[in-house]
Amino acid sequence: MRDAASHHPASNFMQLIAGQGAVDLAQALIGARLSLRGCGGIIIETEAYTAEDPASHSHRGPTPRNASMFGPAGHAYVYRSYGIHLCLNVVARPAEAVLIRALTPDHGLDAMQDRRGDRSLCDGPGRLTQALDVRITDDGAPFDGGDLAIALPPQPQPLLQGPRIGISRAQDLPWRFGLAGASGLSRRFPS
DNA sequence: GGACCGATTCGCT
DNA sequence: GCGAATCGGTCCT
């Protein structure tokens, strides 16, 4: 695993991703360090959702719920899933976002364990938002190095690729990405 | 106003 | 493997 010094500074994240689509950003985020108010880890699993994508919340146009997905790049899109969990996305460009599905936790472990108990911390989109204490009020907040920060890895990481999880439409699109060799993925990738 | 459905997780069988 | 928990959005009537 890479150490913090080898990542790009978190303050540069929003400029570094300028103009990228969600499919590119989903791959670029593998190996990045995500931090939220002092807790976080290395992103090991993502999914891309785009404007023309029938599985994307943005597909039917803006609503109060998905408004931040149509906002500027590098901001968070946080929504409630199944009435119970929150899911955390990074907006790529308007109407496109990347769902963060799993992390390898590497700082703030005590606080995460307080919130998750004696269970896996970050190997699923709802689990990691609980571990990191993502709140619905984080919807629309920038990943600018304040409460929310992302530091990209210095070079592309070895990737796994496969179909997205838990969707009923566009199931053929291979827009789920993982860090090759990582443990703690939310599910295995098909071989 | 009402039915249906999730970008999920957990506990039980 | 299966069903419950839980609620806002969306698409009807």
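Modeller: In this predicted model, the backbone oxygen of Q155 lies 2.9 Å from a polar atom of the Q157 side chain.

Colleague: What makes the pair of Q155 and Q157 a polar contact?

Modeller: The cut-off for a pair of N or O atoms is 3.5 Å, and the distance between the Q155 backbone oxygen and the polar side-chain atom of Q157 is 2.9 Å, so the pair falls within that limit.

Colleague: Where is Q157 placed, and why is Q157 called buried?

Modeller: Q157 belongs to the loop between β6 and β7 (159–162). Its relative accessible area is 14%, and buried means under 20%, so Q157 counts as buried.

Colleague: Why is N66 called buried, and which residues does N66 touch?

Modeller: N66 has a relative accessibility of 3%, which is under the 20% limit, and therefore N66 counts as buried. This residue sits in the loop between β2 and β3 (76–81), where, leaving aside residues up to four places away in sequence, N66 touches H57, S58, G61 and Y77. Touching here rests on heavy atoms within 4.5 Å.

Colleague: What is said of the phi of A95, and how do you know whether A95 is buried or exposed?

Modeller: The phi of A95 is positive, about 75°, although A95 is not a glycine. A95 is found in the loop between β4 (85–93) and β5 (96–107), and, because its relative accessibility of 9% is under 20%, A95 counts as buried.

Colleague: What makes α4 mostly covered, and what do its buried residues pack against?

Modeller: Of the 8 residues of α4, 6 are buried, namely P125, G126, L128, T129, A131 and L132. These buried residues pack against β1 (33–36), β2 (39–49), β4, β5 and α3 (109–116).

Colleague: Turning to the whole chain, how many helices and strands does chain A have, and why is chain A called as compact as a globular protein of its length?

Modeller: Chain A has 4 helices and 8 strands, which follow the pattern α-α-β-β-β-β-β-α-α-β-β-β along the sequence. The radius of gyration of chain A is 15 Å, close to the 16 Å that the globule rule gives for 191 residues, so chain A is as compact as a globular protein of that length. Along its principal axes, the C-alpha trace spans about 40 × 40 × 35 Å.

Colleague: How far apart are the mean positions of the positive and negative charges of chain A?

Modeller: Chain A has 18 positive and 18 negative charges, and their mean positions are 6 Å apart.

Methods. Residues numbered from 1 in each chain as written. Chains lettered and ligands numbered in written order. Predicted model: local features only at pLDDT ≥ 70, side-chain atom pairs only at ≥ 80, totals over all residues. Heavy atoms only, no water. Helix = DSSP H or I, 4+ residues; strand = E, 2+ residues; numbered from the N terminus. Rg over C-alpha atoms; globule rule 2.2 N^0.38 Å. Lys, Arg positive; Asp, Glu negative; His and termini not counted. Charge placed at Lys NZ, Arg CZ, Asp CG, Glu CD. Buried < 20%, exposed > 50% of the residue type's maximum accessible area, 1.4 Å probe, protein only. Polar contact = N/O pair within 3.5 Å; in protein donor to acceptor, adjacent residues only side chain to side chain.
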